[in-house]
Amino acid sequence: MKYLMWLLKAAIFFALFAFALNNQAPVHVHLFFGAYWQAPLVLVLLIALVLGVALGVLVMLPVWLQARRTRTAPPPAKPLHGS
């Protein structure tokens with residue numbers, strides 16, 4: 001199983017490496033007010049991926065923290081019965 005995971009990781013690495021080699025053409029990213037940024041396509045895609053993951057984590061962070069608080073909170077006290 002250990003070798004199978006290593007082989008899978010190597011295959012993913014080589015596929016991503018080949019993707020990066022095939023997408024080195026410069027692209028223009030047009031920004032506001034006529035400004036633009038020129039960079040290799042693979043760099044633009046990597047930055048878009050990182051920004052998307054960061055935005056997703058930031059959006060989900062309050063939900064995760066709330067779930068963690070409710071999971072680690074002590075159980076509510078039972079009401080006392082009797083006089």
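Predicted model: local features only at pLDDT ≥ 70, side-chain atom pairs only at ≥ 80, totals over all residues.
**View 1. The whole chain, for orientation.** Let's step back for a moment before moving in again. The protein chain has two helices and two strands, and from the N terminus on they run α-β-β-α. Its C-alpha trace spans about 80 × 50 × 10 Å along the principal axes. The radius of gyration is 24 Å, whereas a compact globule of 83 residues would have one near 12 Å. Among contacts with a separation of 6 or more, residues 24 or more positions apart account for 3%. The chain exposes about 8000 Å², and 75% of that comes from carbon and sulfur atoms.

**View 2. Three phenylalanines in a ring cluster.** Which residues do ring pairs link into a cluster? They are F13, F14 and F17. The structure holds two aromatic pairs. One of them joins F13 and F14 edge-to-face, with 5.4 Å centre to centre and 65° between the planes. The planes count as edge-to-face because their angle is over 60 degrees. F14 has 53% relative accessibility, so this residue counts as exposed. F13 and F17 form a stacked pair, with 6.0 Å centre to centre and 20° between the planes. Why are F13 and F17 separated by about one helical turn? They are four residues apart in helix α1, which covers residues 2-22. F17 counts as partly exposed, because its relative accessibility is 45%.

View 3. Is N23 buried or exposed? With 17% relative accessibility, N23 counts as buried; the cut-off for that class is under 20%. Which residues does N23 contact, leaving aside its neighbours within four places in sequence? The partners are P40, L41 and V42.

**View 4. The β1-β2 hairpin.** Strands β1 and β2 pair in the antiparallel sense over five bridges. One of the residues to look for is P26, whose bridge partner in β2 is P40. Five residues lie between the two strands of the hairpin.

View 5. F33 sits in the loop between β1 (26-30) and β2 (36-40). Phi of F33 is near 60°, a positive value in a residue other than glycine. Most residues other than glycine have a negative phi. Is F33 buried or exposed? With a relative accessible area of 87%, F33 is exposed.

View 6. An unreviewed UniProt entry gives residues 39-65 the annotation "transmembrane region". This assignment comes from the record, and such annotations may be inferred rather than shown by experiment. In the model, the span 39-65 is 93% helix and 7% strand. Its end C-alpha atoms lie 37 Å apart.

View 7. Q66 lies in helix α2. From Q66 to L43 the C-alpha to C-alpha distance is 35 Å, for 23 residues in sequence. Q66 has 42% relative accessibility, so this residue counts as partly exposed.

**View 8. P75, in the segment after helix α2.** P75 is found in the segment that follows α2 (41-72). Its relative accessible area is 71%, so P75 is exposed.

Key. Residues numbered from 1 in each chain as written. Heavy atoms only, no water. Rg over C-alpha atoms; globule rule 2.2 N^0.38 Å. Contact = heavy atoms within 4.5 Å. Areas by Shrake-Rupley, 256 points an atom, 1.4 Å probe, with all protein chains shown as cover. Phe/Tyr/Trp six-rings, centres within 6.5 Å; stacked < 30°, edge-to-face > 60°. Buried < 20%, exposed > 50% of the residue type's maximum accessible area, 1.4 Å probe, protein only. Pairing = 2+ DSSP bridges.
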